[in-house]
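Subject: Handing over the structure, with notes on what was found

Dear colleague,

Here is the structure you will be working with, followed by notes on what was found in it. Please keep the model open beside the text while you read.

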Amino acid sequence: MSITSKRELFDRELRKLYHAEIEILDLHSDLSDAAASEEVRAIFGGHEGDTVDQIDRIEEIFAVLDMEPREQGSPIMEGLLAEKDQFVAEVEDDDLRDLDVISIGMINERLEITLLDRLLLLVEELGLPEPAAENLKANRSEAQAALERMQQFLEDRRVEG
């Protein structure tokens, strides 16, 4: 399908974000299970509720725009999931495992923030209803907070080490 308008681009990106958030539920569970420390497990385990809320907000956007909630896969997300699978199979050292888990989580949050920024730009340019912008902004704020928690973990490790 060729994209010929900003609205078609928005629709595609919204479906990609929806797919990503659904995948993130499993990703965070897998990363939590793979983590060596309770601290890292807590970072990912505590984000599950936020992810469910984010999915609900995306579904509200579909409803506001009278769209069928539908996912669209993304090679970037699929690559991140493959990276996680490879890491789980290869990394045995506890410290390295925590660092890798956090790194994969940070890549995920940055991807999510990028998708949200693109959607927010399009929402504004298209003049879409305010609830769509509000929900995207709330999701972005939560993704940014999650990224900052992960960055703080790395900073704390750097100071301790």
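Contact, as used throughout these notes, means heavy atoms within 4.5 Å. This is a predicted model, in which local features need pLDDT of at least 70 and side-chain atom pairs count only at pLDDT 80 or more, whereas totals for chains, interfaces and linings use all residues. Residues are numbered from 1 along each chain as its sequence is written, and side-chain values use heavy atoms, with hydrogens and water left out.

Helices (H or I, at least four residues) and strands (E, at least two) are DSSP runs, numbered from the N terminus. A residue is called buried under 20% relative accessible area, exposed over 50% and partly exposed in between, with a 1.4 Å probe and protein chains only.

Ser 32 sits in helix H1 and, with a relative accessible area of 13%, is buried. Leaving out residues up to four places away in sequence, Ser 32 touches Arg 41, Phe 44 and Gly 45. The side chain of Ser 32 also reaches the backbone oxygen of Arg 41 at 3.4 Å, which is a polar contact (a pair of N or O atoms within 3.5 Å, where within protein one must be able to donate a hydrogen and the other to accept it, and where residues adjacent in sequence count only if both atoms are side-chain atoms).

Helix H2 covers residues 38–45, and in H2 the residues Val 40, Ile 43 and Phe 44 are buried. These three cover an arc of only 90° around the axis, which puts them on the same side of H2; the arc is that of the directions from the helix axis to the C-beta atoms. What covers the buried residues of H2 includes H1, H3, H5 and H6.

In H3, Thr 51, Gln 54, Ile 55, Arg 57, Ile 58, Ile 61 and Phe 62 are buried, and, seen down the axis of H3, its buried residues fall within an arc of 160°, so they line one face of the helix. The buried residues of H3 pack against H1, H5 and helix H6 (130–160). For its length, the 17 residues of H3 should span 24 Å at 1.5 Å a residue, and its end C-alpha atoms are 24 Å apart, which agrees; the expected span is 1.5 Å times one less than the number of residues.

The structure holds 1 aromatic pair. The rings of Tyr 18 and Phe 62 have their centres 5.2 Å apart and their planes at 75°, so the pair is edge-to-face; rings of Phe, Tyr and Trp (its six-membered ring) pair if their centres lie within 6.5 Å, and planes under 30 degrees apart count as stacked, over 60 as edge-to-face and the rest as tilted. Because Tyr 18 lies in helix H1 (residues 6–34) and Phe 62 in helix H3 (residues 48–64), the pair ties together parts that are 44 residues apart in sequence. Both Tyr 18 and Phe 62 are buried.

What is the place of Asp 66? Asp 66 is in the loop between H3 and H4, and it is exposed, with a relative accessible area of 73%. Asp 66 has a positive phi of about 55° although it is not a glycine. In general, most residues other than glycine have a negative phi.

Helix H6 has 31 residues and reaches 45 Å from its first C-alpha to its last, close to the 45 Å expected at 1.5 Å a residue. The buried residues of H6 pack against H1, H2, H3 and H5. Glu 142 is found in helix H6 and, at 17% relative accessibility, counts as buried.
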